[in-house]
Amino acid sequence: MRGGRVLAPAAILGVAASLADAAPRTAAPARSNAPGLFAGYSHTEAGDASLHGLGLSGSYPLGAALSLVVDISGHDGSFAGADLGQLGLMAGARWSPSSGRLRPFAEGLLGGVRTSVSVDLGGASISDADTDWGLALGGGLDYGLNRRWALRALVHVRLLHGEGAWDTDPRLAVGAVFRLGR
Amino acid sequence: MKRRMLVSWAATAVVAVVTAGCGSESPTGPAAAGGVVVQGVVLGKGASVSAADTQAPASSAKKVTVKVEGTSLTVDVSASGTFQFTGIPRGTFTLVFLADGVEIGRVVVSAAEGSEVKIVVQVTDSTLVLVEIKVENPGDSEDDDDTAGSSCVVNGGKAGERIELEGNVASGSSAQFYLTATGRTSSDVLVNAGSASFKCIGSAKTTSDSQCRDSVRGGARVHVRGALMSCAPAVVTASEVKVQK
């Protein structure tokens with residue numbers, strides 16, 4: 001199940017990369033800083049636990065290189081016999097200096113992550129949930145396939161405060177970007 | 001998500017949760033490559049049996065630290081409530097839990113070289129409640145685990161499964177108490193009820209939940225519903241406690 005989660009986005013990326021290679025080199029790159037939607041596989045480390053899931057984000061241009069970003073992520077996994085789930089909602093700004101086929105970007109987001117823990121005790125279960133607040137700093141790279149579509153890989157470091165502790169949790173995501181507008 | 005039972009209940013797990021200041025044991029085995037791995041999850045005081053909590057804001061939460069007594073091994077519990085140790089010397093060792101530097105409880109574990117210990121505890125204001133502990137020994141297989149779990153029975157209930165017990169409270173309080181179970185001739189059953197719902201019925205009926213919890217003291221007649229965590233010692237994590245008198 002988890003292997004499938006890992007392999008599926010890799011396969012998507014492979015097919016998409018093939019399509020990109022097959023496309024004429026003269027294909028127009030993605031528009032500079034258009035509104036965009038991203039969806040893809042996401043992985044994060046929540047403390048000592050490795051969690052897998054889905055990342056969604058939307059961006060809206062505020063200027064030539066600056067965009068407003070809203071990022072939603074959901075992850076789950078198990079650790080020490082407990083099931084963990086994380087739902088994150090963050091918003092912030094993205095800076096993307098170039099508009100060619102390869103578009104690196106950097107971003108900073110603020111928001112919260114709600115972590116739920118459930119322990120199945122056979123006939124009963126105990127659950128707990130807590131919201132941690134913090135920020136995510138990171139960046140990534142978009143590889144434009146055509147005017148509408150691009151592949152994206154991004155890395156975040158999430159600094160979250162909860163339970164009296166600060167966590168520094170990495171997050172990786174890969175997926176596809178669809179650019180809106182004309 | 002359904003969690004698979006991967007654990008050998010027959011594996012040695014000498015577990016005791018005691019209040020701060022009580023004695024403990026030190027690691028008895030030599031440090032070896034690999035050693036014992038401990039993975040843990042700490043639940044907050046608002047953890048509930050059936051629903052997400054209404055826990056206090058994170059800013060007011062206490063910082064929880066876990067130490068392996070007699071070693072320099074110390075970790076802070078992460079914001080997501082997880083912690084992990086690697087390379088603990090095999091044998092018997094004591095995990096000491098601290099909230100903002102103040103000891104709130106201990107768990108004594110015995111584990112063989114290469115074992116993986118999975119532990120879930122709940123931290124309340126000043127106490128530690130053991131919710132679950134499992135020891136996976138090297139070479140344990142999933143099939144073996146199921147068999148081992150089925151072979152361990154207390155009052156007709158199998159380890160890892162639902163159990164109902166009735167009896168008198170021997171000692172303790174509503175968060176954790178020893179139960180002299182009806183029909184059981186051996187030692188009392190340790191009931192972890194920090195996350196359980198309480199209901200006082202009959203002559204024990206009270207007007208508030210806190211009054212009901214307060215009525216759980218030595219001699220009280222109770223009916224406990226929960227899951228049998230281990231047989232020796234007999235440990236039950238309760239989901240419901242009915243106080244009868």
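Predicted model: local features only at pLDDT ≥ 70, side-chain atom pairs only at ≥ 80, totals over all residues.
Figure 1. Chain A has one helix and eight strands, and the order along the sequence reads α-β-β-β-β-β-β-β-β. As for burial, 47% of the 182 residues of chain A count as buried.

**Figure 2. The largest cavity, lined by residues of chain A.** By the rule used here, the model holds four cavities of 30 Å³ or more. This view shows the largest cavity, with about 80 Å³ of space inside. Its lining is made up of A:N33, A:A34, A:S59, A:S67, A:R94, A:S96, A:R103, A:F105, A:D142, A:R152 and A:R179. Sorted by residue class, the lining of the largest cavity has five charged, four polar and two nonpolar residues.

**Figure 3. The second largest cavity, lined by residues of chains A and B.** Next comes the second largest cavity, where the space is about 70 Å³. From chain A, the lining takes A:T115, A:V117, A:D128, A:A129, A:D130, A:D132 and A:E163; from chain B, it takes B:V42, B:A79, B:S80 and B:G81. Two elements give two or more residues to this lining, namely β5 (102-120) and β6 (125-144) of chain A. Which of them gives the most? That would be β6(A), with four residues. By class, the lining of the second largest cavity divides into four charged, four nonpolar and three polar residues.

**Figure 4. B:G81, one of the residues lining the second largest cavity.** B:G81 sits in the loop between β4 (74-76) and β5 (82-88) of chain B. Is B:G81 buried or exposed? With a relative accessible area of 2%, B:G81 is buried. Leaving out residues up to four places away in sequence, B:G81 touches B:G40, B:V41 and B:V42. Take B:V42, which also lines the second largest cavity: B:G81 and B:V42 are 39 residues apart in sequence, yet 5.0 Å apart in space, C-alpha to C-alpha.

**Figure 5. The largest nonpolar core, with elements of chain B.** This core has 27 residues. The ones with the most contacts inside it are B:V38, B:F83, B:F85, B:F93, B:L95, B:F97 and B:I119. On the element side, β2 (36-43), β3 (64-68), β5, β6 (91-99), β7 (102-111), β8 (116-123) and β9 (128-136) of chain B each give two or more residues to this core. Elsewhere, a second, separate core of 26 residues includes B:V154, B:C212, B:L228 and B:A234.

**Figure 6. The A:W149 and A:F178 ring pair.** Over all chains, the count comes to three aromatic pairs. In one of them, A:W149 and A:F178 have their centres 5.0 Å apart with 55° between the planes, a tilted pair. The pair links distant parts of the chain: A:W149 is in strand β7 (residues 149-162) of chain A and A:F178 in strand β8 (residues 165-179) of chain A, 29 residues apart. How accessible are the partners? A:W149 is partly exposed, with a relative accessible area of 41%, and A:F178 counts as partly exposed too, at 26% relative accessibility.

**Figure 7. Phenylalanine rings of chain B.** Ring centres of B:F83 and B:F97 are 5.9 Å apart and their planes stand at 80°, so this pair is edge-to-face. Again distant parts of the chain are linked, with B:F83 in strand β5 of chain B and B:F97 in strand β6 of chain B, 14 residues apart. Both B:F83 and B:F97 are buried.

**Figure 8. B:A111 and its contacts.** B:A111 belongs to strand β7 of chain B and, at 8% relative accessibility, counts as buried. What is B:A111 in contact with, leaving aside neighbours within four places in sequence? The partners are B:V36, B:R90, B:G91, B:F93, B:V117 and B:V135. For a sense of the fold here, B:A111 and B:V37 are 74 residues apart in sequence and 9.4 Å apart in space, C-alpha to C-alpha.

How values were computed:
Residues numbered from 1 in each chain as written. Chains lettered and ligands numbered in written order. Heavy atoms only, no water. 1 Å grid on protein atoms, 1.4 Å probe; cavity = no way out; pocket = protein on both sides within 12 Å on 5 of 7 lines; lining within 4 Å. Points joined across faces, edges and corners; volume = space filled by probe spheres on them. Nonpolar A, V, L, I, M, F, W, Y, C, P; charged D, E, K, R; others polar. Buried < 20%, exposed > 50% of the residue type's maximum accessible area, 1.4 Å probe, protein only. Contact = heavy atoms within 4.5 Å. Core = buried A, V, L, I, M, F, W, Y, C linked by side-chain atoms within 4.5 Å. Phe/Tyr/Trp six-rings, centres within 6.5 Å; stacked < 30°, edge-to-face > 60°.
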